[in-house]
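Hi,

Here is the structure I promised to send over. Have a look at it first, and my notes follow below.

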Amino acid sequence: MIDLIQNTLDGAMVGSSYALLALGFTLIFGTMRRLNLAYGPTIMAGAYLGTYASLRFGIGALPVAIVVVVGAALVGLYVERLCFRPFGDSAAIASMVSSFAVWMQIEEAATLLLPRHLNAFPALVAGPPFTLGPFLFRPEHLLMLAVATAAAGLVYWALHHTRFGLGVRTVIDHRRAAEIVGVPVERVLMLAFILASAIGGVAGFLIAATDHQITPMFGMWATTKGLIAMMLGGLGSVPGAIAGGLALGIIEAHMQWAFGPQVRDLIAWGVLFAVLALWPGGLMGSRRLADAAAVQRRL
Amino acid sequence: MDDFLIGVLTNIGIISFVALSAYMLLLSGEVSFGQQAYFAMGAYAAGMVTAMLGWHLVPALLAGALVGAAAATAVGSATLRLSGFYFAMATLAFAEMTRIAFELFAFRIDVGGTPVGPNGTDGFGDIRYLFENGITPLQYLMFVYALLGLVLTGFFVLERTRFGRALRQAGADPLLAELQGLSVVRIRLLAAAAAGALAGLGGGLYVHLLTYIEPASFNIMLGVHSLAYGLIGGLGTALGPVLGVLIDIGVLESSRLFAGYRMIVFGGLVALLLIVRPRGLLDERAVHWITSHLKRSMYAAGRSGLDGSLRRR
């Protein structure tokens, strides 16, 4: 019983970083209706810039965090300009494949920046794990949970209480209608893309600072975890992304404990496949999105 | 021909199968990130048939294609309701499950004193059919391209049949296709099965070329690459995906061009190409232009030939 709760707690804390990854993904998907495969590599590029800065200039954890987030946002802007802006409202598959091509670019650029496969990433909290009752906590995990909650709250607030957020929600509802009522759609899309990449940067920093290391594989890892979490929660839904991330973290923690890492990944993908086949809208999404998109295409 | 060139050309031919498999689904309007799953299944099945049962290559390849088609049909029926990104994600999920399942799959039997068979993450080696039967790399190259030629001919014939047109129609506008009385679900299921068979066949060829495979070779990268080949080369003709493979493996990977920053150059070129030509180099318009010009010049040549013969008389 104690193990069960401990695993759930650990899973929820790791899951909070998945939730952030999914949140960024879902912002891009919701506004643009397209998949940014280069999302994980964008974050990886930010983390590489942060590692480079810390190795080169010996800066502390907080400045590194700023470099990571700003770096991810700038690389995100590059991806948006090259893979999404030129296609406008058409050619969704082409922009997805294009984002894959840019993924290859980013990965090679990162290995040129830091040629070693494994690079040390500055740790955020040096404190040892502590116990609370029968349960063990890592300070990094608590910080991850706190920052992820704060970031998700901030995004939710921005979406519901700012002019930009209103623009984003209008574009998510209906892009053409948003254009007609005078929402500067291209600017909203660009800002949403940058915001999503910056959120990814926050997630990437938290994960890398917890693991104390970063490899070029981080890009693929972040893309797949973010994708699974987003799809579990339902495409384009902010609460869904959070729920999907937490659910994925908890499922993985239990499976890892019971069966080891291979079966853990097998089950994570299996759950995604089953959810898609049986319940295509995800945990919190609805069929409305897909139907609305189909109707929009017909018009 | 030197061995390096033969190796590269054989590889291009084999990867073309999985690229054509992704292309088949793109024609039906579905994006699959998961054709590497059927490629892997075909590879394992065909390798097991020759290395463990000691059978001939042809039934082994057939077994690979059959396993690919069966699995693709099963996945296709489970995901019939899905379209767009949901389908793409479901295929990716299935492919990753397949890869991990092969990491856990160990089944070795004793063949001539040594254990042979898939052995989890350590892979599946000792598939020495070509070596044991004295098939030279050049002969195998010919065999691969003969099969590829058959498949391409099949695609050209398909484009001229009712089903081929229905396939393109279902891809271009599924709602309109339904209104015209076509069953989009059935068309897509058939396309998925054919695509699975193609990938399985390619996998069978692949395993005998390499003699050793491991689950890690069948990861997401292979799936997204095979999808990208069609979009780079063009969706207008089955030659498009082959052209895509040729550009990537033939020109860039095999030459020492841009060593060290090849991906930066290639990735940028692909991104820019897709902006100019979102459906690839040989898209429908390009294919139409080429075929109409060909027809016109053939017609002109035929007529001048006739005139000449008339004049001579």
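**What I found**

In α3(B), the buried residues are B:A60, B:L61, B:A63, B:G64, B:A65, B:V67, B:G68, B:A69, B:A71, B:A72, B:V75 and B:G76. Buried means that 20 or more other C-beta atoms, placed from the backbone, lie within 10 Å of the residue's own. Helices here are DSSP runs of H or I with at least four residues, numbered from the N terminus.

This is a predicted model: local features need pLDDT of at least 70, side-chain atom pairs count only at pLDDT 80 or more, and totals for chains, interfaces and linings use all residues. Residues are numbered from 1 along each chain as its sequence is written, with chains lettered from A and ligands numbered from 1 in the order in which they are written.

Back to α3(B): its buried residues pack against α2 (35-51), α4 (84-104) and α9 (184-210) of chain B.

Now the contact between the chains, where two residues touch if their C-beta atoms, placed from the backbone, lie within 7 Å. Chain A and chain B put in 35 residues each. On the side of chain A that touches chain B, α4(A) gives the most, with 13 residues.

Of its 198 residues, A:A19, A:L23, A:L272 and B:M89 touch the most other members. Leaving out residues up to four places away in sequence, A:L272 touches A:I228, A:M231, A:L232, B:M89 and B:A93.

Best wishes

Definitions and conventions
Helix = DSSP H or I, 4+ residues; strand = E, 2+ residues; numbered from the N terminus. Core = buried A, V, L, I, M, F, W, Y, C linked by C-beta atoms within 7 Å. Buried ≥ 20, exposed ≤ 12 C-beta atoms within 10 Å, placed from the backbone.
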